[in-house]
Amino acid sequence: MGLGAYIAVSAALFALGVVAILVRRNILYVLMGIEMILNAANINFVAFNRFNGGGLDGRMFAIFVIILAAAEAAVALAIVLNVFHLFNSVKPAEADLLRE
Amino acid sequence: MTPESHILAFDPGQDFKLLFLAFVLPLVGYVIQIFFGKKLPRKGDWLLTSGLFVTASITVLMFAKSLWAAYHGEEFRHHSGDEAGLWFHWFYSSDTVANGVPNVSAAIFYDPLGAAMLMVVGVVSFCVHLFSIGYMHGTPRYHIFFANISLFTFAMLGLVLSDNLLFLFVFWEVMGLMSYLLIGHFSHDPSSGYFHKWATKACKKAFLTTRVGDTCLLVGMVIFFWKFETFRFTELWRLSIEEIARHQALHPGEYPLWMTVGGLFIFGGTIGKSAQFPLHIWLPDAMAGPTPVSAMIHAATMVAAGVFLLGRCYPMFTPDVLSVIAATGTLTAIFAATIGTTANDIKAVLAWSTISQLGFMVAAVGLGGVVAGMFHMVTHAFFKACLFLSAGSVIHGCHHEQDMRNMGGVRKYMPVTFACMLASTIAIAGIPFFSGFYSKDLIILRAWENILGGKFSGASFFAAVGLPIAACLTAFYMFRMIFMTFSDKYRPGTVESPFAHHAHDEHGHDEHAAHGHDDHGHHAPAHAGHGHDAHAHAAKAHDTHAHDTHAKHDDHGGHGAHDEHATPHESPLPMLVALCILAFCGVFGGHFWLADPVHSLKFWEHAHTWFEESVSFQSLYGAEIGDKLAAAIAVDHHAEHSAHWVALPVSLTVASLGILIAWLIYGRGWERSQRIAGKITHSIHAIYEVVKGKYFVDETLGTAIVVDMKKKDEPRYEPDISVIGASVHFANLLSWIDRNVIDATVNLVGRTGAAIGKGSAAFDRTVVDGAVTGVGLVTQTFGSVARLFQSGRVQQYATFAVFGGLALAAWLILL
């Protein structure tokens, strides 16, 4: 299996993530979309690491991204909770205070 | 005896006071007369007449002094301010001179011209006063009449004595007013019938017509004052000569245009006052005044003032102005003389004669013959005053008939009047050894000198040909008048005339019902009781009416038993005395001037006369100015000599020719004269009608006076188109211009302003406001579009970001 297959999976995952961010009506699914994009990036890191000499640096970046994603998820869930608290909804379309 | 100590030497300390006394006496008399005249015995006539006698005596004495000075070859020009410190300060302050503001001060100026004129005014006015005692006796407003002629005299004395143009103008205007009051004397007297209506219009006409000239004079005065900043004659003469010299140094042979314009305006004053064409129209109608007033206006005062003004202003006239003056004068002389031949009213003949003679004087001044012109003014004043007073005497004697066709044969009844009138007529006709000959001959001589010497050719030629014609006509119509009035038999009622029996239909004054007897001036209407037909046959009708009037004529010594009273009667003594004085002056005025007291009475020699010694350019305007003026008109000796030999035969021929024709037509019986005159007028019918109609000048100017006796109780102040027609036409024209030109301009400006305002407002509203709101609107529009993108939805923003990123990537990759 060549590099193209990894990139194709990664690209599909990225595209799904983007679509999830843009179109899902529930803010939790949006968060999931973000996770999917991060993971698409991880696949890329790991794939390029393997096909470019097999060092540790690609894998290290992947681990950082996973850690980052965990932290991000914690912060994001806190935001989601506040948003729900504020708007009594988890729909991102209803949280439109930026409009003002 | 040294000249200084001689009794006839001019003494500034005393003589200016005498002159002032002579000048102010008539004014004092006027004031007394106005307030107390009615209460004084004889209504104050003796008071004013004796006052005038003092004035006349002073003027004669002073005149003798001027002659004495001339005889001794001394300059006779006296100024009371310079010599005796007698000033009248007007608009004066001692410190304004430095700032360039001219002062106006008046003083008495007494020179040979003034002396001669003053003497004329004094003597003629005295005679008129004396004559009026008889002529105006018993008429209403008798005292007012005396007051007015007295003030008239005062004005003329002031005009003559004035040393500056402004005061001359002041007295000039006073005279205009007095002529208005005196011509309109009968307008306050409804019982004077025809004269009442005529005078009411004539005085307005005279006043308004002369006003045109006065305005011109004022403009001319102001022009000269503007340039020279002085009104004093002596200053004006000097400055004018200097100005001309300065101008000619720059432009040889040319004269300052402004002086020509100013001079023409000043001459305009003369045209009005001295009745020159075309403003002569007032003078024949001035006959509506009482006859003594006519004598006064036509001889000594009013009309002489215009000629006197020319004499005073002569150095200020450029040759162009002089040419106009000469042409106007000659035209007037011929024009009026022709009309004089057709007039039947004895006063009208004299009126036209006056205009004609004034034309002679004016023409003389225009030809450079100031001396001749002034000489003629003096001689004419005497014989014309005598003629008018004689005519008044005849009218008085003939029961207020003025139409010569109703006279005839008066010589028998009024021998003294006849003698005086004949003497004056011979004088005016220009028969040698009578004064008029010398002055008129001098004028014709002047014209021929110009031609033969090659000066002022156009106007001079006109004058040299025209003046003898006018002189011939003068002799003709004057002797026509004499023959019609005095020869043959008395023929009352030959023609219908408005004078003797006017107003019969409106006045029934029984107390005046003195047919043919009323010596009361305008009380001729008196025939009220007679009915119309009776008037034409006075001689038959009078018997039945004589007795109720008899008491009225006790004080007229002239007529005896009342069965004579339809025939003319000689006038009372005061009138005859006045006539004789004037006749004497009229006949001998010329000799008096011409006689050389050292040598024999060689008055047929014109070349070297006493008059030219005493009144020459040098004596009139000072040696320096006089020399220049004399040089300007000088001709060579040969031409002068030839002119003498032309002028003398011409004068003699035209005078005798005129008299001969008059005798041939009118001198050989009334019936024959009517036949001959009828034939002549028939053969030149068209011309005769034009001349008889006075060339229709009045009709052209719209100033003809129509006296309609059928109209009763005419309102006195109705807007009278016929009298003031010219003024009204002019005012209408001005009003039209005002409405259609000036108002239109104002309206146009206003409307233009309004239109510009409206345009500006529209621009403001559309363009300026539009720009402001437009900017806002555009911003708003863009804002409302941009607002659509700001939904506040995070996902939407993210969509934009993603697709924007994709588009950017596509752009980077594909391009």
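Predicted model: local features only at pLDDT ≥ 70, side-chain atom pairs only at ≥ 80, totals over all residues.
Trainee: How many residues of chain B are in contact with chain A?
Mentor: Start with the side of chain B that touches chain A. On the chain A side, 9 residues take part. The number for chain B is 9.

Trainee: Is α12(B) roughly parallel or roughly antiparallel to α14(B)?
Mentor: Helix α12 of chain B spans residues 302–313, and helix α14 of chain B spans residues 346–366. Their axes are 10 Å apart, at an angle of about 5 degrees. Angles under 35 degrees count as roughly parallel. Therefore α12(B) and α14(B) are roughly parallel.

Trainee: Which residues of α12(B) make the contact with α14(B)?
Mentor: From α14(B) come Thr354(B), Leu358(B), Met361(B), Val362(B) and Val365(B). By class, the contact has 7 nonpolar, 2 polar and no charged residues. The α12(B) side is made by Val303(B), Val307(B), Leu310(B) and Gly311(B).

Trainee: Is Leu52(B) buried or exposed?
Mentor: Leu52(B) is found in helix α2 of chain B, residues 45–71. Count the other C-beta atoms within 10 Å: there are 26. A residue with 20 or more counts as buried. So Leu52(B) is buried.

Trainee: What separates the C-alpha atoms of Leu52(B) and His129(B)?
Mentor: Along the chain, the two are 77 residues apart. Yet Leu52(B) is in contact with His129(B), and also with Pro26(B), Ser125(B), Phe126(B) and Thr153(B). The C-alpha separation is 7.7 Å.

Trainee: Why does Val293(B) count as buried?
Mentor: Val293(B) lies in helix α11 of chain B, residues 291–300. Beyond four places in sequence, Val293(B) touches Ile149(B), Leu182(B), Ile183(B) and His185(B). The cut-off for buried is 20 or more other C-beta atoms within 10 Å. Val293(B) counts as buried because its C-beta neighbours inside 10 Å number 29.

Trainee: What distance lies between the C-alpha atoms of Val293(B) and Ser179(B)?
Mentor: Look at sequence before space. Val293(B) and Ser179(B) are 114 residues apart along the chain.

Trainee: How many residues are in the largest nonpolar core?
Mentor: In soluble globular proteins, nonpolar side chains tend to be buried together. Here, Val120(B), Val124(B), Cys127(B), Ala385(B), Leu467(B) and Leu582(B) touch the most other members of the core. Val120(B), for one, is in contact with Ala300(B), Val378(B), Ala381(B) and Phe382(B), leaving aside neighbours within four places in sequence. The number of residues in the largest nonpolar core is 230.

Conventions:
Residues numbered from 1 in each chain as written. Chains lettered and ligands numbered in written order. Core = buried A, V, L, I, M, F, W, Y, C linked by C-beta atoms within 7 Å. Buried ≥ 20, exposed ≤ 12 C-beta atoms within 10 Å, placed from the backbone. Contact = placed C-beta atoms within 7 Å. Axes fitted to C-alpha atoms, helices over the stretch in contact; angles between N-to-C directions. Helix = DSSP H or I, 4+ residues; strand = E, 2+ residues; numbered from the N terminus. Parallel < 35°, antiparallel > 145°, perpendicular 65-115°, else oblique. Nonpolar A, V, L, I, M, F, W, Y, C, P; charged D, E, K, R; others polar.
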